[in-house]
Amino acid sequence: MENSEGVKIESTVVTEEPLISALDIALFVVIITVAYFWYFKRDKQSSSSEKKPYTIQPSSLSSIEQTSNSSFIKKLKSTGRSLVVFYGSQTGTAEEFAGRIAKEGARYKMKGMVADPEECDMADLVEMKEIQKSLAIFCIATYGEGDPTDNAMDFYEWLQNGDADLEGLNYAVFGLGNKTYEHYNEIAIYIDQRLEELGATRVHEIGLGDDDANIEDDFVSWKEKLWESVCSHYGIEEAGEESNIRQYKLVDCSEVLPERIFSGEISRLKSYENQRFPFDVKNPYLSKIAVNRELHKSGDRSCMHIEFDIDGSKMRYDTGDHVAVYPKNSSELVDKIGELLNADLDAVFSLLNTDEESSKKHPFPCPCTYRTALTYYLDITSNPRTHIMKELIEYASDPKDQEKLKLMASSTPEGKKEFHEWILRDNRNIVHILEDLPSVKPDLDHLCELLPRLQCRYYSISSSPKVYPKSIHITAVLVNYTTPTNRVNKGVATNLLAQLIPTNDELPQPTIPIYIRRSQFRLPPKSQTPIIMIGPGTGLAPFRGFIQERDYARKEGREIGEMVLYFGCRKKDEDFIYENELQEYVANGTLTKLHLAFSRDQPEKKYVTHLLEQNADELWNIIGEKSGHLYVCGDARSMAKDVHSIIVKVVMEKGQMTNSQALNYVKKMEQQKRYSADVWS
């Protein structure tokens, strides 16, 4: 044999000691392993410190915050608090309600704090009994099809799988849900019952808020009775009238260096300039708009087909997932607030929590300019809640404006009626209120504290990653409508998207922050399983992805099951979206049947529900005889409910079942994921 230099090696070499012994090799492996872990631990720590956004810290940090952020019990004990309000929030409303309860606790000699269950060791609930006259309140939203919110998932699973002894824990629960969904307030109801099963004491009956009606009214009514129960349970009395105590204090940041000022980032400073995987709700991906085209052929409405470029992002999605889009408010509305309040929108400021033990130092990324806060961080287009009316009273110089605000902030029948008519029915946002009550001039920093956070908007993905691995498609109707006060309200996200039109390759393409939210809306594991899809209007979106995926499988030579689509719109020649694509899928055999309902192309209205009733045999053949899957996407308030009723009726008639048996059959379909809904109200 020869070495690398071609010198012949004698056979006697085999009897000599090797240059590297087994011990040397072992030591070398140990050294490399230690070096590897040391390097990556250092790198992780470095990355963590880089990701931490710039914050203005209070002059002295509490020892509790430094030693244990997860132990809410230690914080309660060290600060003399007896009330903790946990929130499970997906859009911010539950967190807002939790803050209002904690703030009101002071009126009843119960110093409170707000806590995110995701950041707490919830097993510490067993120690609540060690705090005299303690109370835990849970403001819990139900998300999707009866799921916990992301930040309450661990707590929910802890309750499901654990058997902690919660005797001595006093609690109350308020749920945030929507009656148009089947699993109305399911998570709050479960938590309320489970806490009692584990030995805890319910101080006040559960409150169920309905976002489809007036969740603010539901919350206020429950909250008033809650404090009556608290006073009775603990033998305490109300300490006096509620005062408007600021949660955050204003900090002048005019001397802060420009590179330390937030300019619209969700969490990490300069995150849009230095993008880092993985991308999620706190770290969205700045995606280029690759395609933005109109889908409607005529008429005064607009429906957009938009494609987000995710090439190089390492982002992956599955057919049926949702994409979250981070919008921004129109400059016209932002400028109007500055004009009405005579404020310098370009002044740099920060809002710092007056509670040093709170894990939430700022209501939104700070420091920033008022213009940035009003554009990217604050919701200035929704209807303000009653507590904002209450806080605005002190800023009204006209007695008439003062009285109007006092009335709307009250819980009297007259006050609720006025709030419902003037705010909700007339659809006024904070800009409209400041315009129509000209003497109301709140401090801009206080207004920024009061307004809720601007939330991302979710869209069903209308593409398949098998066909489009480097882009995400959505189908979105442009939202514009006239209010009873003759103002034109515009959808925040869709009107922004309508402006983001790609240009030629030489110019920078428009971008928008996005991330992917996983969904349970999934095709059957086997491509041979037959499916029925019901999606009028933009409800077609996820089914476009379903069809693409099955078409891809067919082209690969795999067997695919029947695909039946029910689609409806107003007029065939006006808003039949993706018409050519669908007809092509019918022609090549991917789409077995395409049932169409054009509601205004004939004297009598015709909807997909009418077609479903006419095709009862086909429905039962697929969902009953062939154990196929059924999917519904679109309006939850009427369409989805009507479809459910029709399915139950078909199961009764064709399956020869009683009403009770049919309901159980459909329920079993849902449990087996054979009946899935992706709906919105």
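Biologist: How many bridges join strand β11 (residues 322–325) to β18, and do the two run parallel or antiparallel?

Modeller: Two strands are taken to pair if DSSP finds at least two bridges between them, and here four bridges join β11 to β18, which run antiparallel. Within this pairing, Val323 stands opposite Ile516 in β18. Before we go on, note that this is a predicted model, in which local features need pLDDT of at least 70 and side-chain atom pairs count only at pLDDT 80 or more, while totals for chains, interfaces and linings use all residues. Residues are numbered from 1 along each chain as its sequence is written, and side-chain values use heavy atoms, with hydrogens and water left out.

Biologist: How many helices and strands does the protein chain have?

Modeller: Helices (H or I, at least four residues) and strands (E, at least two) are DSSP runs, numbered from the N terminus, and by that reading the protein chain has 22 helices and 23 strands. Of its 681 residues, 51% are buried, where buried means under 20% relative accessible area, exposed over 50%, and partly exposed in between (1.4 Å probe, protein chains only). If we take contacts (heavy atoms within 4.5 Å) between residues at least 6 apart in sequence, 75% of them join residues at least 24 apart.

Biologist: In what order do the strands of the six-stranded open sheet lie, and which stand at the edges?

Modeller: The order is β14-β11-β18-β9-β10-β15, with antiparallel pairing. At the edges stand β14 (457–460) and β15 (471–477), each with a single partner strand, so one side of each is left without a neighbour in the sheet. On average, neighbouring strands of this sheet are turned by 40 degrees against each other, direction ignored. Strand β18 (residues 511–517) is mostly covered, since six of its seven residues are buried, and four bridges also join it to strand β9 (residues 285–294), again antiparallel, with Tyr285 opposite Ile514 in β18. Further along, seven bridges join strand β10 (residues 303–309) to β15 in antiparallel fashion, and the bridge partner of Cys303 in β15 is Val477.

Biologist: At roughly what angle do the axes of α20 and α21 cross?

Modeller: The axes of helix α20 (residues 616–625) and helix α21 (residues 639–654) cross at roughly 85 degrees and come within 10 Å; they are therefore roughly perpendicular to each other. Here Ala616, Asp617, Leu619, Trp620 and Ile623 in α20 meet Ile647, Val650, Val651 and Lys654 in α21, and the contact divides into seven nonpolar, no polar and two charged residues.

Biologist: Why is helix α16 described as largely enclosed?

Modeller: Twelve of the 15 residues of α16 are buried, so this helix is largely enclosed by the rest of the structure; among the buried ones are Phe543, Arg544 and Phe546.

Biologist: Which backbone features deserve a second look?

Modeller: Most residues other than glycine have a negative phi, and most peptide bonds are trans. In this model, a cis peptide bond joins Phe277 and Pro278, with omega about 5 degrees, and Pro278 lies in the loop between β8 and β9. The bond from Cys366 to Pro367 is also cis, with omega near 0 degrees, and Pro367 is found in the loop between β12 and β13. Lys133 is not a glycine, yet has a positive phi of about 50 degrees, and at 44% relative accessibility Lys133 counts as partly exposed. Gln656 has a positive phi near 50 degrees and is exposed, with a relative accessible area of 73%.

Definitions and conventions
Axes fitted to C-alpha atoms, helices over the stretch in contact; angles between N-to-C directions. Parallel < 35°, antiparallel > 145°, perpendicular 65-115°, else oblique. Nonpolar A, V, L, I, M, F, W, Y, C, P; charged D, E, K, R; others polar.
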